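Have the structure open as you read.

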Amino acid sequence: MSATTLMIAAVWFLAALDGALAGRAAGRPVGPAAAAVEPVRATVRLLVGQRRSTLAADGLLRWAGIVSLIVAAVLAAAVVPLGERPLVDLSVGVVWFNAMEVVAWAAVWLVGWGPNGALSLVGGYRFVAQGLSYELPHMFAIITAALAAGSLRITDIVDAQAGLWFVVLMPAAFVAYLLSAAAMAFWGPFDAPVARDTAGGAGSELAGVDRLLFAGGRRLLLVAAAAMAVPLFLGGGHGPWLPAWAWVLLKTAAVLVVLVWLRHRLPTIRMDRWAEISWIVLVPLTIVQAIVVALVVLARGGM
Amino acid sequence: MILEAFLLVAAALLCIGLFGALTQQSIVMLMMGLELMINGITLAAAAFWYFLAPASDGQVIVVAVVTAMAIEMAMGFAVVTAIYRAQRIDMTDSATELEG
Amino acid sequence: MVLAVFCVLSLLAISSGVLVFVVDSMARATFCLLVSFLAVAAMVLMTGLAYLGVVIILMMIIEMVIMAVFMVMFMMNPAGLMPMSMFHNTRGAAVISGLVFTGLAAGILVVDWPQRRGVPAPDPTVALGEALMGGHMLTMMTLGVTLFATIVATVVLSTGRGRYDRLGDDLDAERADDPAGGGVGR
């Protein structure tokens, strides 16, 4: 139960922060109280809104996409340690997290395909292209963290950072992970799948509860990805005065602030440019980073 | 949870995939049949590992089967694309250049 | 309890395998195949292969999404709005499949399977890693080289324009003649 409240609180914090920065960017600054109330108002408005269905829509697949986006976000967040232990401490936690965020590919494609609309299908395809481009740097980045700790279990990775945070040891992997965290939740500069030039892209034909669940699932996936950066690269719960869970919350909030700032700072990246950057720059960079870290691990005495 | 149960499920998947691979007119659906066959073989390999020889190196065959599935899908789609570019064919009944 | 889970998963795998070829909509067929793969991955997880089960889930979701892209590209009826029957030779194939299944089932039930030799290692993931990097290094290298050959062969087969189209007859054009910009210049 507390995990559910924590997730809802994190999504609320993210939405409020996003609204505050959007207001500032649009020239109408909103205060903290108004920014905090705005997500609640949007939620209530969407809950009472009317759902929409289009001609010859595939309702089953659209529903399957929306539900699997939220389920994937929850299952991905289940392996993130809140403090000392996560909800479920899998021995292959890193690979499980990767598998759950890949479910988002299928989910967004299904949401784009379901309503039988051209613009939503374009959004779905853009997300598949984006996914193929960020997936390899993402996999190399998280495997580099697991390599330095010698284990796929996330609590082992946190324990291995007692002396030195991995962000110091593998900065390129951290940057690649942050970019892929934004890309996996189609957030920030990577929101081409739901961009305004396709009238909302994959979510363009959703209304009412469907739109609420889709937007909520997207934000929850971003929160899960940002929360995963903490045990993988930022030392988990390690820190001087506060208890472990407080440090995890603080570090997650810091990563979320960076991601929201990135959204309002950079424009949407075009898919062909992103594919070029990812395959030509990020993939060799993360491979070289992995080799460097492997050499360091071997020099330290092997696994 | 006995070996025969796992193997019967694997054999069923293999035969459903075989039926699909033999009857489908569309090349992509034929590939789905092949995927089902390899799905059955993956399950059988994992069952053999667990029930007969859970030694340290029995999992290598499961890795090999999963890799073979990935390779088969990639090459299959490349061949489909190449055939389509050459002769605009998307049905197996039309891809008969080597027949006769 | 374990038996109930196994029965549910096996029924799910087989029924969604049958549904792949029964549903009209090709998008639904692709995702029925994904459900079958996920059921088999869950059964692999039940045998204790944690890493391989999760890797199968990961790979199969990616592969089915890519197959959905190709399926919409190459098929006449992706949404199933016009019910068409795209089968040929169903009776012959049914006979062949039935015979194969009967033969395999007879073999499975009649063969005297040997006793279990050994116990699983305490951490199968570490055991797999040590096997692939140790005694089975040859398998690892072969898989690696084969995957690389697949990447190269796939790109060669599916690209529509070769290097003579892009760089001129003497391969000496300054900039490659591509429809999309960018790239490293060659």
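Let's start with chain C, where residues 39-72 are 91% helix and 0% strand, with 25 Å between the C-alpha atoms at the two ends. Keep in mind that this is a predicted model. From there, the points below go through the annotation, the chain contacts, a helix pair and the confidence.

**Annotated spans in chain C**
- An unreviewed UniProt entry lists residues 39-72, 93-111 and 131-157 of chain C under "transmembrane region".
- Residues 131-157 of chain C come out at 89% helix and 0% strand, and here the end C-alpha atoms are 34 Å apart.

**Who touches whom**
- Two pairs of chains are in contact, and chains B and C are the pair sharing the most contacts.
- Chains A and B don't make any contact with each other; their closest C-alpha atoms are 14 Å apart.

**The contact between chains B and C**
- Chain B puts 60 residues into this contact and chain C puts in 69 residues.
- On the chain B side, the elements giving two or more residues are α1, α2 (27-51) and α3 (60-87).
- Of these, α3(B) gives the most, with 18 residues.
- By residue type, the chain B side splits into 43 nonpolar, eleven polar and six charged.

**A closer look at α1(B) and α4(C)**
- Helix α1 of chain B (residues 3-23) packs with helix α4 of chain C (residues 90-110) at an angle of about 165°, and their axes are 9 Å apart.
- Angles over 145 degrees count as roughly antiparallel, so α1(B) and α4(C) are roughly antiparallel to each other.
- The crossing of α1(B) past α4(C) is right-handed.
- On the α1(B) side, the residues making the contact include L7(B), L8(B), A11(B), C15(B), L18(B), F19(B) and L22(B).
- Facing them from α4(C), the contact residues include A93(C), S97(C), V100(C), F101(C), L104(C) and I108(C).
- Taken together, the residues of this helix contact are 17 nonpolar, three polar and one charged.

**Confidence in chain A**
- Chain A has an average pLDDT of 89, and 99% of its residues score at least 70.
- Within chain A, which helix has the lowest confidence, and which the highest? The lowest is α1 of chain A (residues 2-25), with a mean of 84, while α4 of chain A (residues 93-113) is highest at 94.

How values were computed: Residues are numbered from 1 along each chain as its sequence is written. Chains are lettered from A and ligands numbered from 1 in the order in which they are written. This is a predicted model: local features need pLDDT of at least 70, side-chain atom pairs count only at pLDDT 80 or more; totals for chains, interfaces and linings use all residues. Axes are lines fitted to C-alpha atoms, for helices over the stretch in contact, and angles run from 0 to 180 degrees between N-to-C directions. Helices (H or I, at least four residues) and strands (E, at least two) are DSSP runs, numbered from the N terminus. Angles under 35 degrees count as roughly parallel, over 145 as roughly antiparallel, 65 to 115 as roughly perpendicular and the rest as oblique. A crossing is left-handed if the near helix is turned anticlockwise from the far one by less than a right angle, and right-handed if clockwise. Two residues are in contact if their C-beta atoms, placed from the backbone, lie within 7 Å. Ala, Val, Leu, Ile, Met, Phe, Trp, Tyr, Cys and Pro count as nonpolar, Asp, Glu, Lys and Arg as charged, and the others, Gly among them, as polar. UniProt positions are given in the numbering used here, feature names are shortened, and annotations may be inferred rather than shown by experiment. pLDDT is the predictor's confidence in each residue, from 0 to 100.
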